Amino acid sequence: MIRTVILLLFSVIITTASAQWEPNYDEAKVPQFKLPNPLKTFSGKKIRNVKNWEKKRRPELLDYFAENIYGKIPDKLKISGYDILEESENALGGKAIRKQVELTFEKNSRTLHFTILIYLPKSNEKVPVFLGYNFLGNHTVCEDANILISTAWVANNPSLGIVNHQLTEQSRGVRTDRWAIREMLAAGFGFATIYYGEIDPDKNDMTDGVQSLFYIDDQLQPADDEWGSIAAWAWGLSRALDYFEGDDDVDESKVVVFGHSRLGKTALWAGASDQRFAGVISNDSGCGGAALFKREFGETIWRINRSFPYWFCDNFKNFNHDEKKLIVDQHELIALIAPRPVYVASAEEDQWADPKGEFLAAYYAGPVYKLYGIEGIPEDVQPPVNKPILNTVAYHIRSGGHDVTAFDWKQYINWAQIYIQ
Ligand code: GTR
C-alpha cells in the first residue's frame, strides 16, 4: 500500500515537472508579460527625439544586450593580411566575377583564417552585396567546380560525405536551393558567403575559435560577459565588411547581412552592433533572434542554453526560467538596427521559432523607426501566409517549414531593390 502511494506520488511529481519543461505551443498558455518600452531609459526617462535615442538609449540598450546576452568582444582585432586565393572574370557561364579571398588575423601568437567567396555581377560601378554565412562550406552554395573546399571542422553528416569532420567534394552544390545567386546577380546585387565554422566551430569548445586569440596564459574560455559563438560569428561578418571597404568592386555602404536560423540570430546581432551594415535579413531566427523571449513559446532561454551553452555569453544563463528578469526583449534588438531596413521572416510550420513572436518583435520595434519618420509594420496583426509586408521594417510568414526557399529570396531581392539599391 505505502509502496503504491509513494509510486503514485512520484509519477505525479514527474508528470508535473516534465509538463513544466515541455515547450509550449499553445497561445492560451503564453504568460502575461509587459514588453519594455524601447523609448524609455532604464532609469525611466522618456526618449522623444533621435538625438536622445542615439546618445542615451541606444548605447545603454546595446551594452545590455552585449553584457547579458551575446557577450562583449574583449578588444579590437584587425585584418593582418589577405590573399586573393582565386579569381575569375568569367564565372557562372560568363555572367559573374568570382573572388575567393582569405583573411588572416593574428594575436598572441595565434592565427585565424577565413575565406570569403564573392560573386559580383559585371558592372562598371561598385555593387551592393548580400553577405551571409553558410552552414556547410562555401562549396555547398553552388555547383561551381572552382569553389575551394574548406578544411575547417564540421559536424559529421555521412549522407553528405562528411566523415572525420572534414568536408569533401561529395557535398558540392548541396545547398544551391538555399541561395538565389543567379537572381541576385540579375537584380544587380553581388553575393558573398563564408563558412561560419571557420570563425568558431559550432561546438561546445571555446578554445578553437576566434575567442582563443584573446586568451591570456592558460585561459580556456571567455569571461562571463564576453562573447559566445553568435557574437564571434557576428564579429566575422564585420571583418568581411572591413575587407569590402578596400575592395573597389563592392559598395561597402550597401551591404545587407543575411542569415538563417542560428545564423539569422547572428545577422541581427551583427546589424545591431555594427551600424555600417546597410540592412539586415533574419530568416527563421527564432529564440535569441527575432522572437520575443517573454512569450516563452517554442524554444526558451533555458532550453537554448541547455542545448547550445556556448552560443551566448555565460551571463545569459541567469535568465534560465526567468525571462521576467530580462529588462529588454528582442523588439529592442531590432530597434537597434533603426533607421536601417530590416526584414524578419517566419515559416508557418516553424513553431519552434515562434513566428508570432518574431512578427511582434518586428512590430514593436516600430516606435524607434517612427522617431526617424519611418513607417514600421502598420498593425499588430500578422499578415496572411505568403503576403509580405515590404516596408522599411518588412515581414512575411510563408507556408512550409524551417528553411530558406526561393519564395524567401524573391521577397528579399524585391525589398532590397527598393530600400538598399
Ligand atoms: C535549433 C535551435 C534553433 C535554431 C536551429 C538552427 O536546434 O534550437 O535555435 O537556431 O537550431 O540554427 O538550425
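Guide: Leaving aside neighbours within four places in sequence, Trp269 is in contact (heavy atoms within 4.5 Å) with Leu62, Phe65, Ala66, Tyr70, Ala231, Ala234 and Leu333. This is a predicted model, in which local features need pLDDT of at least 70 and side-chain atom pairs count only at pLDDT 80 or more, whereas totals for chains, interfaces and linings use all residues. Residues are numbered from 1 along each chain as its sequence is written, and side-chain values use heavy atoms, with hydrogens and water left out.

Trp269, together with Ile116 and Phe244, has the most contacts inside the largest nonpolar core, a set of 98 residues. Such a core consists of buried Ala, Val, Leu, Ile, Met, Phe, Trp, Tyr and Cys residues joined through side-chain atoms within 4.5 Å; buried means under 20% relative accessible area, with a 1.4 Å probe and protein chains only. Helix α4 (residues 229-245) gives this core its largest share, 11 residues; helices are DSSP runs of H or I with at least four residues, and strands are E runs of at least two, numbered from the N terminus. A second, separate core of 31 residues includes Phe130, Val141, Ala278 and Ala394.

Helix α4 also provides the largest share of the lining of the largest pocket, 6 residues. On a 1 Å grid over the protein atoms alone, a pocket is an open set of points with protein on both sides within 12 Å along at least five of seven lines, a cavity is a set where a 1.4 Å probe fits but cannot get out, and lining residues have an atom within 4 Å of a point. The pocket has a volume of about 560 Å³, this being the space filled by probe spheres set on grid points joined across faces, edges and corners. Of its 21 lining residues, Ile73, Asp75, Trp235, Arg239 and Ser273 are the closest to the centre. Helices α2 (50-70), α4 and α5 (262-273) each supply at least two residues of this lining.

The largest cavity contains about 80 Å³ of space, and its lining includes Tyr133, Arg175, Trp179 and His260. Strands β4 (127-134) and β6 (250-260) give two or more residues to that lining. The second largest cavity has about 50 Å³ of space, with Cys287, Phe293 and Trp352 among the residues that line it.

Note on methods
Buried means under 20% relative accessible area, exposed over 50%, partly exposed in between (1.4 Å probe, protein chains only).
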